[in-house]
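Please keep the sequence and the three-dimensional view at hand while reading.

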Amino acid sequence: MTKYICKRLFMAVLTVFVVATLTFFLMNAVPGGPYEAEKSISPQAKAALEAKFGLDKPLFEQYLTYLKNILHGDFGPSLKQRGRNVIDIILTKFPVSAKVGIISVMVSLLVGVPVGCIAAVNRGKISDSAIIVIATVGIAVPSFVVCSLSMYFFGVKLRWLPTVGLTTWKHYVMPVFSLSFYPTTYIVRLMRSSMLDVLGQDYMRTAKAKGVSRAVSLFKHALRNAVLPVVTYLGPMMAYTLTGSFIIEKVFTIPGLGGEFVSSITNRDYMMIMGTTIFLATLMVAINFLVDIVYKIIDPRINLK
Amino acid sequence: MKKLIPMLALLLALCMILPACGGGSGGEKILTVQVGPDPETLDPALNSAVDGGNMLLHTFECLLTVDKDGAIAPGCAETWEKSDDGLTWTFHLRDGLKWSDGSAFKASDFVYSWQRVANPETAAPYADTVLWPVENFDAVFAGEADPSTLGVSAPDDRTFVVKLSAACPYFESLAAFATLSPVNPATVEANGDAWAVSPATYISNGPFMITEWVPGSHIVTKANPNYWNKKAIKLDGIKWLLIEDSNASYSAFQTGEALFIKDVPTEEIPSLMNNSEFHIDPIIGTYYLNLNCTKAPFDNEKVRKALSLAIDRDYVANTIMQGTYVAAYNFMGPGWADPAGGDFYANANGGKPYISSDYDANLAEAKKLMQAAGYSGSADNLDLTITYSTNDSGYHKVVAEYLQEAWKQIGIDLKVEIVEWASFTPMRRAGDYMAARNGWVGDYSDPSNMIELLYSSNGNNDGKYNNKDFDAAIDISRSTMDVKQRSEALHKAEDILMETAGCIPVAYYTDFYLQSSKITGMWHSAYGYWYFMYADIK
């Protein structure tokens, strides 16, 4: 186990390093720069800005300086949002995205797992068919449609929910609904098929034959085994929801990291691009790493090498 | 399941730890508006954006301001005068001016602020636009002289003197420009660039001061109790929603969460045309096309003119752009101030538009010009292929599609190339294109601000237009202090530009926005700014 963890840690660091290096050279290869605008700034002002942020140095030197700085925990200043440091922006905005994300993960699990079970237990009945239809729609409909429709009906038409920002609990309803819609329906389908699989196992029949009540056999035996694929899905889903969705943040004006990630690229804010990329890469690698460890804990049959 | 429950509990705990976004107000008269997304900066020296400039108008006050009618009005300076040669300007500040933190405001704060803008280490993007006439600016900005040698001084706490190296007929407009707002030396020195990102260190001198800034969400400004004219302020505060998506801002307006929005989705415009809360106001600026004059066939004046004449501007402005633009038959539209008095547009070309609004006659003329240039000039024989580059936002793409159809009539096969925004401007600036869209909105109402774009060495001369007579006319307009001569020179420059089709004006910009009928006392300026400081909510 220790050897495995060491190996995985080494691979994780290497992955982040490769991602950072590739991003650095790719973003510099793309045309444009942080100080391009409809109205050109004077060559002197541009030169002064580039000198201030070290953009006038050869690219490889910039790369080495950047690596040296991040090893000291210095992610540099944002090139566009003057006066703000990249790390401060990430640390202010990530918690906002993460909060919406965590609530969405919880909603997805709390709704998805039971509904999936209900569908499996009632296989072939109307309730099962209805759940399957909704779940299929949920997977097929993109999040911006869910956002826009919920905003239109609950915000503009019915005036039940506010549409801008994240001030009260009411503000969370629509973003969380939009963000959790897809994962919830995905979990429903996952849970249903895995539950059906488990319900057909010999040990379930044995339990029934031994006179174990239906509730106990379902909750104690079936659910425990059926939930494993959901845990597998939890890893990528957490990474996806925690880091914020560009679309949902834009539509509901949520000050999260998802929007920052996209706008840093269109703004050619090199420092922000690097900072957010390294942060997200680290988060992804860390979550995948944790999920692998959790597997081992949940299912001792899994052998980590 | 047993494993899942602790996991859920852990998530719930995490959720509790993470900070909540606070906000909200009770009982106060707060006007909620949307003028744009998160401003890149609210440091007056560093700002170059319109939305940032709009907020700065409310948090800072320059020496002079622009009033409701677009005229120069007193700001921090109560009175001012210039020397006979126009080279020395003396501003007399109001008595008892204070910063928002209550500290005394001195004329030396202006000296500090202007020197800071000129200092190359500040890297102020608008430095040369606003300070170019000031004595020794070039040397300071090039890093060859100390910022303290800039031609500004404060003989006493209430007098600010500016010495110019060249007479600047529109210097008052520059003195009212947000870049030259005073900044508080103590907070800037103590906090560096970061002074302008936190409400605690954001000390200002305007009618409002920042009390809360949640990047990507909102900015709250409250009435500044130390502002000299605080009695005229009726609002307790203004909440600026930092919404990026026009559909989101439109929803906010519909739900009443915002009483004013700048970003209205273009697809909603037809349904809003009869809505009394929907406004379309002209601003000084022109949507135009650049033809790369250094590349064939655009080195041929006839081709450029033909392309210009083949556009039905009325159709573009009123049908394609749904009446949110105004057809442009001149380069300089309405609203620019003629140095000799009156509206520059009204006095241009003897009061007659340069391009006739008779489209059929124009098209016939365009065909002839194409034939004279050696092309077929006919839709039956597309013997000239042109690539038109644009970014995809607003009406740019539909205008490109229209041009494909319109220029086909004169024998042109137009290929449209959509380029991502961040790559588009450097590409256009480098002259790496054949034809491209362009646009300009005035920073101040002196015509030089826009007509000089076509000066051969101008950094924004993306069409690489190079005409000696045009340059000579501009040179005269820059050097003379005689308003009549200056006006004539500027008009001559536009005559030459339009005669040689140095660029193709298509439409004049407007601002279209939604303003609740509950708001009174606010106004919109021709520079694209909204003034909420004296507004009230019914």
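Contact here means heavy atoms within 4.5 Å. By that criterion, 56 residues of chain A are in contact with 64 residues of chain B. The model is a predicted one, in which local features need pLDDT of at least 70 and side-chain atom pairs count only at pLDDT 80 or more, while totals for chains, interfaces and linings use all residues. Residues are numbered from 1 along each chain as its sequence is written, chains are lettered from A and ligands numbered from 1 in the order in which they are written, and side-chain values use heavy atoms, with hydrogens and water left out.

## The two chains

Helices (H or I, at least four residues) and strands (E, at least two) are DSSP runs numbered from the N terminus. Chain A has 13 helices and zero strands. Its C-alpha trace spans about 85 × 60 × 30 Å along the principal axes.

Chain B, in turn, contains 18 helices and 21 strands. With a radius of gyration of 26 Å, close to the 24 Å that the globule rule gives for 538 residues, chain B is therefore as compact as a globular protein of that length. The radius is taken over C-alpha atoms, and the rule is 2.2 Å times the number of residues to the power 0.38. The C-alpha trace of chain B spans about 80 × 70 × 45 Å along its principal axes.

## The interface

Between them, chain A and chain B bury about 5,200 Å², 62% of it on carbon and sulfur atoms. Buried area is the accessible area (1.4 Å probe) that two parts lose on being put together, summed over both.

Side chains of opposite charge can pair when their charged atoms come close. A salt bridge is counted when a side-chain nitrogen of Lys or Arg lies within 4 Å of a carboxyl oxygen of Asp or Glu. The rule finds 18 salt bridges over all chains, and four across the interface of chain A and chain B. One of these joins Arg268(A) to Glu420(B), at 2.7 Å from N to O. Lys80(A) forms a salt bridge with Glu40(B), with the closest N and O atoms 3.7 Å apart. Lys80(A) lies in the loop between helix H3 (59-71) and H4 of chain A, and Glu40(B) in the loop between strand S1 (30-34) and helix H2 (50-59) of chain B, so the pair joins two chains.

The interface also holds eight residue pairs in polar contact, both residues being at pLDDT 80 or more. A polar contact is a pair of N or O atoms within 3.5 Å; within protein, one must be able to donate a hydrogen and the other to accept it, and residues adjacent in sequence count only if both atoms are side-chain atoms. Several helices of chain A each supply at least two residues of the side that touches chain B, among them H2 (43-52), H4 (86-121) and H13 (270-298). H4(A) gives the most, with twelve residues.

Two strands pair if DSSP finds at least two bridges between them.

| Strand | Partner | Bridges |
|---|---|---|
| S4(B), residues 77-82 | S5(B), residues 88-93 | five bridges |
| S8(B), residues 208-214 | S9(B), residues 218-223 | six bridges |
| S9(B) | S10(B), residues 237-241 | five bridges |

Ala77(B) stands opposite Leu93(B) in S5(B). S4(B) and S5(B) form a hairpin with five residues between them, and Gly86(B) in the turn has a positive phi of about 75 degrees. The hairpin of S8(B) and S9(B) has three residues between the strands, with Gly216(B) at a positive phi near 80 degrees. Met209(B) stands opposite Lys222(B) in S9(B), and Thr221(B) has Ile238(B) in S10(B) as its bridge partner.

## Backbone exceptions

Most residues other than glycine have a negative phi, and most peptide bonds are trans. Thr253(A), which is not a glycine, has a positive phi of about 50 degrees. Thr253(A) is found in the loop between H11 and helix H12 (257-266) of chain A. In chain B, a cis peptide bond joins Ala296(B) and Pro297(B), with omega about 5 degrees. Pro297(B) is placed in the loop between strand S12 (278-291) and helix H10 (301-309) of chain B.
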